[in-house]
Amino acid sequence: MFGKGKGREGMRTVDGRITKPLSRLAGCLQCAMGLMAIGWIGGCGAVLTEIPELDTADGRVFAQRCGACHGKPFGSHGITHGVPDPRFRTMVEWQEELTRMESLMREKGLQPLTDHEREAITRYLHRHAKS
Ligand code: HEC
């Protein structure tokens with residue numbers, strides 16, 4: 001009788017310590033593989049995507065235009081896990097990639113970037129590029 005309460009307390013501590021990180025990992029795995037409820041995606045998005053400021057005006061253009069081939073948009077806000085991380089390249093390198101990607105888009109028959117889109121993407125990359 002009196003041993004029971006103590007035992008449960010112990011279990012709870014162990015449970016709390018072990019299941020918390022585990023369930024978080026499981027949640028993100030599911031997220032990465034199948035995508036379940038929207039709430040989970042939101043929560044996991046912050047963990048998995050480290051791409052900065054995709055949810056800004058310029059970031060959205062970047063995610064949409066570059067994400068057309070690099071990864072698939074989730075839900076309605078067009079934020080992807082697949083777009084390249086702006087911090088991996090310097091601005092000089094980004095200019096080259098951008099030119100290269102624009103010719104890829106032409107090749108694949110995608111709508112070319114408008115001046116406005118190119119400016120937004122350049123601005124976004126500039127803000128986050130490696131220096
Ligand atoms: C038409 C589809 C398409 C679009 C749109 C596109 N890309 Fe790409 N991108 C590719 C393909 C295919 C490759 C791999 C082949 C290659 O590198 O030439 C690639 C490769 C890259 C790479 C090199 C990958 C690496 O790991 O080194 C970068 C960086 C990149 N893209 C950035 C961008 C950016 C930034 C945009 C938006 C301006 C963009 N891409 C839009 C198709 C696309």
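**View 1. The whole chain, before we zoom in.** Of the chain's 131 residues, 18% count as buried. What you are looking at is a predicted model. Take the contacts between residues at least 6 apart in sequence: 48% of them join residues at least 24 apart.

**View 2. The shell around the ligand.** Here we look at the 14 residues around the ligand, of which C66, C69, P84, M101 and K108 come nearest. Two elements give two or more residues to this shell, namely helix 3 (57-67) and helix 4 (91-107). Which of the elements gives the largest share of the shell? That would be helix 4, with 5 residues. Sorted by class, the shell has 10 nonpolar residues, 1 polar residue and 3 charged ones.

**View 3. Helix 4 from end to end.** Now for a quick check on the length of this helix. Helix 4 has 17 residues, and at 1.5 Å a residue these should span 24 Å. The C-alpha atoms at its ends are 24 Å apart, so the two values agree. Just after helix 4 comes G109, which takes a positive phi of about 75°.

View 4. How many of the 11 residues of helix 3 are buried? The count is 8, so helix 3 is largely enclosed by the rest of the structure. The buried residues are D58, G59, V61, F62, A63, R65, C66 and G67. Part of what covers them is helix 5, and that pairing gets its own view next.

**View 5. Where helix 3 meets helix 5.** Two packed helices are described by the angle between their axes and the distance between the axes. For helix 3 and helix 5 (residues 115-128), the angle is about 110° and the axes are 8 Å apart. The two helices are therefore roughly perpendicular to each other. On the helix 3 side, the contact is made by A57, D58, G59, V61, F62 and R65. Helix 5 brings E117, A120, I121, R123 and Y124 to the contact. By class, the residues of this contact divide into 6 nonpolar, 1 polar and 4 charged.

View 6. E119 is found in helix 5. Is E119 buried or partly exposed? It has 13 other C-beta atoms within 10 Å, so E119 is partly exposed. D58, by contrast, is one of the buried residues of helix 3. Along the chain E119 and D58 are 61 residues apart, yet their C-alpha atoms are separated by 8.6 Å.

**View 7. E53, a residue with a positive phi.** Look in the loop between helix 2 (38-48) and helix 3, and you will find E53. Most residues other than glycine have a negative phi. The phi of E53 is near 50°, a positive value in a residue other than glycine. As for its surroundings, E53 has 15 C-beta neighbours inside 10 Å, so it counts as partly exposed.

**View 8. P86 in its loop.** P86 sits in the loop between helix 3 and helix 4. Why does P86 count as buried? Because it has 23 C-beta neighbours inside 10 Å, and 20 or more are enough for that label. Leaving aside neighbours within four places in sequence, P86 is in contact with Y124, L125, H128 and A129. P86 also pairs up in space with K130: they are 44 residues apart in sequence, and their C-alpha atoms are 7.5 Å apart.

View 9. H128 is found in helix 5. With 19 C-beta neighbours inside 10 Å, H128 counts as partly exposed, because the label of buried asks for 20 or more. Which residues does H128 touch, not counting those up to four places away in sequence? They are P52, P86 and R87. H128 and R89 make another pair to pick out, 39 residues apart in sequence and 9.2 Å apart in space from C-alpha to C-alpha.

Notes: Residues are numbered from 1 along each chain as its sequence is written. This is a predicted model: local features need pLDDT of at least 70, side-chain atom pairs count only at pLDDT 80 or more; totals for chains, interfaces and linings use all residues. A residue is near a molecule or strand if its C-beta atom, placed from the backbone, lies within 6 Å of it. Helices (H or I, at least four residues) and strands (E, at least two) are DSSP runs, numbered from the N terminus. Ala, Val, Leu, Ile, Met, Phe, Trp, Tyr, Cys and Pro count as nonpolar, Asp, Glu, Lys and Arg as charged, and the others, Gly among them, as polar. Axes are lines fitted to C-alpha atoms, for helices over the stretch in contact, and angles run from 0 to 180 degrees between N-to-C directions. Angles under 35 degrees count as roughly parallel, over 145 as roughly antiparallel, 65 to 115 as roughly perpendicular and the rest as oblique. Two residues are in contact if their C-beta atoms, placed from the backbone, lie within 7 Å. The expected span of a helix is 1.5 Å times one less than its number of residues. A residue is buried if 20 or more other C-beta atoms lie within 10 Å of its own, exposed if 12 or fewer, and partly exposed in between; C-beta atoms are placed from the backbone.
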